Amino acid sequence: MEILVLAEHRRGELREISLEMLSKAKEIADNMGGEITAVLLGQGVKDFADTLANYANKVLLIEDSKLENFNAEAYQNVLSVLIKERNPAMVMIGHTAFGMDLAPALAVELDLPLATDCVDLKVDGDSVFAIRQVYSGKVNVKVSFSGAKKCMVTMRASACQIAEDMKLGGAIETVDSPLTEDIDYKVFSGYEEAVAGEVDITQADILVGVGRGIGDPDNIPMIEELAEAIGGVVSCSRPVVDKKWLPKDRQVGTSGKTVKPKLYLAVGISGAFQHLAGMNGSDLIVAINKDPKAPIFAAAQYGIVADLFKVVPALKDKINELKGA
Amino acid sequence: MDIIVCVKRVPDTSEADVKIDGSGKNIDLEDLTFDINEWDNYAIEEAILIKEKVGGTVTAITMGPEESNEVLRRCMAKGADAAIRLTDDAFEGSDGYAIAKILHSAIKGMSFDAVFLGAQAGDDGYGVVGPMLAEMLGIPHATLITKVDLEDGKAKVHRELEGGLEEVVDINLPAVLGIQTGINEPRYVSIMGIRKVAKKEIPVKGLADVGLSADDVGEAGSKTKIESMYIPEVGEVAEIIEGSPDEAAAKLAQILKEKGLMG
């Protein structure tokens, strides 16, 4: 069997999800007997092929100026030709902004079953099962492909470890691009960076992260006072930015910033994986949340299960008291 | 500009104690509150903002039992002109692919410039229905959209990438656009507002009305199958600081002081 893994790159960098997926593919291939093929689409990306060759039995390289920037439509046109030709048992794509735009439509075109946002893949006999997280990350679901011989999965970023000792030394095979004309109905026109604010949260030693549990923008000053007492800066999770309670440059997580402070004090943050991915490199994580089953407590070293509106003012007072002592 | 918005009624599990039901393949929905999927709430708002700016119509469509009418009425109270509810016993157990087929069958004969929906749903979070629907309709799509600007026959959209980066994409209409949270500020709907639309008729369509057969939908028409649901084992968890809020806060302050993490 062949496992076909789509490599992902952006602005001259091979993205980690590529190697994470190849590492997981190796596990499946070892278990079921099979070969891993990495597919690399782009322009001027030959260097990435060398890296990928360590993690795959074969690298298929398709270079075309029409593939310079990611475009789901162009990728779909290329991959559908390739997959029809090769008929792999499994296609792996990242559950990233790119993969989310690409995989579902490709699966429909190829009539393949698709499980997205998988955190793991399990082999049982001669079948593969996808493990996904649902309902705010509180429940796992085991999904099968209803007996189909072929399937497609998209893998959550950071869910799989990159194997350290992979030296497969796969051959790099250059394939002609099947694209004949420009895709004019969906055109990439550029990147836009988030606007930088006055505070760079990635530079702070102490962050007080505030989440949906704060309930109302009028309660933000209470968090600012705590941050001031402890000598830290206020950051937040996505819902706080979505509701426009704090600006985007304060957001920690997959679609915001990655932070590694000495202390991350999470207040009213449940701990969606996108948030955890942005702060789990912190030296010390402390969580205050009223829901004892909130996933944030699995990421934290210390936790207080209580109403944040009672804990935060008390904590601020106590800190000020100890500082004065 | 005529926009169809696909919406979904989902349980709110963010602060709930979630339990697996007797089948082992679903959660116990009994004590949960339901609302419009958060992403869809931004999608309906975006459609209504566009209608208010350039004119046209907004039609909300959902698949679900009678309780889903409350979500459709909420959409109408916000400004949607019409609503359609797709329902049939045979739809039960449909995966994202089968749901896309049902929506496709209901939508394909309608006249529209765009289909909006949430980029994903807060319950199962597959995020597949939009792009699958676009593929079935044979029109382009873009998902994770944080900005929509219309210019004759086209949309200039921003897609959210990772790390605070966005990409700008020009897309021909009609298209399917998957809306990301935070794109706008969804308006508040009062009980009075919902009461005003309480008498508006919501047409209901079943399997035969959308021209599908039982094999196309439900478990038979799905490509993936839920084998089991379970509460994941939690590994090492935080040391919980016990005591009243005041006591716990005092202990935490002491810990932080000892670790030199203060000021």
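Q: Before anything else, what counts as a salt bridge here?
A: A salt bridge is a side-chain nitrogen of Lys or Arg lying within 4 Å of a carboxyl oxygen of Asp or Glu. The model in question is a predicted one.

Q: Which residue does A:R238 form a salt bridge with, then?
A: The partner is B:E160, and the closest N and O atoms are 2.9 Å apart. In total, nine salt bridges are counted between chain B and chain A.

Q: Where is A:R238 found?
A: A:R238 belongs to helix α6 of chain A, residues 238–242.

Q: And what else does A:R238 touch?
A: Leaving aside residues up to four places away in sequence, A:R238 touches A:Q251, A:S255, B:E160, B:Q180 and B:T181. With A:S255 there is a side-chain polar contact of 3.0 Å. Ten residues along the chain from A:R238 is A:K248, and the C-alpha atoms of these two are separated by 8.5 Å.

Q: Moving to the interface as a whole, how many residues are in contact?
A: On chain B, 84 residues are in contact with 86 residues of chain A. Between them the two chains bury about 7,300 Å², and 58% of that area is on carbon and sulfur atoms.

Q: Which three residues supply more of the area that chain B buries than any other three?
A: They are B:Y126, B:E162 and B:K223, which supply 9% of the area that chain B buries against chain A.

Q: How many residue pairs are in polar contact between the chains?
A: The count is 43 residue pairs, with both residues at pLDDT 80 or more. Elements that give two or more residues to the side of chain B touching chain A include α1 (38–54), α4 (129–137), β7 (141–151) and β8 (154–160) of chain B. The largest share of that side, eleven residues, comes from α6(B). By residue type, the side of chain B that touches chain A divides into 40 nonpolar, 22 polar and 22 charged.

Q: On to the sheets. What is the strand order in the one that ends with β12(B)?
A: The order is β11(A)-β5(A)-β4(A)-β1(A)-β6(A)-β10(A)-β7(A)-β8(A)-β9(A)-β12(B), an open sheet of ten strands with mixed pairing. Its edge strands are β11 (171–174) of chain A and β12 of chain B, each pairing on one side only. From one strand to the next, the twist averages 30°.

Q: Parallel or antiparallel where β9 of chain A meets β12(B)?
A: Antiparallel: strand β9 of chain A, residues 139–144, pairs with β12(B) over five bridges. Within that pairing, A:V141 has B:M229 as its bridge partner.

Q: And how do β1 and β4 of chain A run?
A: Those two run parallel, with five bridges joining β1 (residues 2–6) to β4 (residues 35–42). A:L6 stands opposite A:V39 in β4(A).

Q: Which strands of chain A does helix α1 touch?
A: Helix α1 of chain A, residues 16–32, packs on the sheet and touches β1, β4, β6 (90–94), β7 (114–124), β8 (127–134) and β10 (151–155). The direction of α1 makes about 175° with that of β1(A). Helix α2 of chain A, residues 46–53, also packs on the sheet, touching β4, β5 (58–63) and β11, and its direction makes about 170° with that of β5(A).

Q: Last topic, backbone geometry. Which peptide bond is cis?
A: The bond from B:L173 to B:P174 is cis, with omega near 0°. B:P174 lies in the loop between β9 and β10 (175–179) of chain B.

Q: And what is phi of A:R11?
A: Phi of A:R11 is near 45°, a positive value in a residue other than glycine. A:R11 sits in the loop between β2 (9–10) and β3 (13–14) of chain A.

Terms used
Residues numbered from 1 in each chain as written. Chains lettered and ligands numbered in written order. Predicted model: local features only at pLDDT ≥ 70, side-chain atom pairs only at ≥ 80, totals over all residues. Heavy atoms only, no water. Contact = heavy atoms within 4.5 Å. Buried area = accessible area lost by both parts, 1.4 Å probe. Polar contact = N/O pair within 3.5 Å; in protein donor to acceptor, adjacent residues only side chain to side chain. Helix = DSSP H or I, 4+ residues; strand = E, 2+ residues; numbered from the N terminus. Nonpolar A, V, L, I, M, F, W, Y, C, P; charged D, E, K, R; others polar. Pairing = 2+ DSSP bridges. Axes fitted to C-alpha atoms, helices over the stretch in contact; angles between N-to-C directions.
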